[in-house]
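Subject: Structure handover

Dear colleague,

Please find the structure below. My notes on it follow.

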Amino acid sequence: MRKNRRNDEMREVKVTKGYIEYPEGSVLIEFGNTKVICNATVEDKVPPFLKGMNQGWITAEYSMLPRATNTRTRRESNNGKLTGRTMEIQRLIGRALRAAIDLKKLGERTITIDCDVIQADGGTRTASITGGYLALEIAINKLMEENILVENPIISKVAAISVGKVDGEILLDLEYSEDSCAEVDMNIVVNSNNEFVEIQGTGEGMTFNHQDLLDFIEISKNAFDILFKL
């Protein structure tokens, strides 16, 4: 049993809008001790595969400061390539945020969401998705205010939370100390229409059954009630 919060209780969430001055959208999002800066950059261009298609694109990049964790992690730029973990997280964030947007209404422009973890204590990818959406919405609102966009392309809000099983107990919003020893680890991405965008679940040393999956989904509802109010 957790000492400081209930099994179905998420960590305190804080959002600071306009954290960085220059991007079209920027937030600092905090899930407990996990802190991620999410910036949205708008560019009037699209990837080559979308040229002439009259639609936009949402993409994401993710990184972690060397001392965001207890021990220093070597910068990936010094290694000359991204790790498989980083590439997986970037793709997850991009997929989740594209689900929030009607790309046709965005026009031929790209919005890049940069998610930089400045302090990591579990749930960095779910914080990045949630904060990334907030930065995206701020950027879209700015385009609307400047009459660059005629119609709002946002279909729904998107948020994410982690769940897992630790010592046989199902927990919401895992800290690193919980995540590192979890028997099952899962990330759930949901939109504000109460539809699933993505579910990533992995047995870490044990399997999980159908009832476990239902329990994971049920406990996650507590978090989404809070996150969508942001």
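In which loop is Asp 167 found? Asp 167 is in the loop between β6 and β7 (169–172), where helices (H or I, at least four residues) and strands (E, at least two) are DSSP runs numbered from the N terminus.

Two notes on conventions. This is a predicted model, in which local features need pLDDT of at least 70 and side-chain atom pairs count only at pLDDT 80 or more, while totals for chains, interfaces and linings use all residues. Residues are numbered from 1 along each chain as its sequence is written, and side-chain values use heavy atoms, with hydrogens and water left out.

Loop residues

Asp 167 has a positive phi of about 50° although it is not a glycine. With a relative accessible area of 66%, Asp 167 is exposed; the classes are buried under 20%, exposed over 50% and partly exposed in between, with a 1.4 Å probe and protein chains only. Asn 147, also not a glycine, has a positive phi of about 60°. Asn 147 sits in the loop between α4 (124–145) and β6 and is exposed, at 65% relative accessible area.

Buried residues

Ser 162 belongs to strand β6 (residues 158–166) and counts as buried because its relative accessibility is 4%. The Ser 162 side chain reaches the backbone nitrogen of Leu 174 at 3.1 Å. Not counting residues up to four places away in sequence, Ser 162 touches several residues, among them Thr 126, Leu 172, Leu 174 and Met 186 (contact means heavy atoms within 4.5 Å).

Leu 103 lies in helix α3 (residues 103–106) and, at 15% relative accessibility, counts as buried. Leaving aside neighbours within four places in sequence, Leu 103 is in contact with Gln 55, Gly 56, Trp 57, Ile 58 and Arg 98.

The chain as a whole

The protein chain has six helices and nine strands. Its radius of gyration is 18 Å, close to the 17 Å that the globule rule gives for 230 residues, so the chain is as compact as a globular protein of that length. That radius is taken over C-alpha atoms, and the rule is 2.2 Å times the number of residues to the power 0.38. The C-alpha atoms fill a box of roughly 50 × 40 × 30 Å along the principal axes. Of the 230 residues, 48% are buried. Among contacts with a separation of 6 or more, 68% are between residues 24 or more positions apart.

Regards

Note on methods: A polar contact is a pair of N or O atoms within 3.5 Å; within protein, one must be able to donate a hydrogen and the other to accept it, and residues adjacent in sequence count only if both atoms are side-chain atoms.
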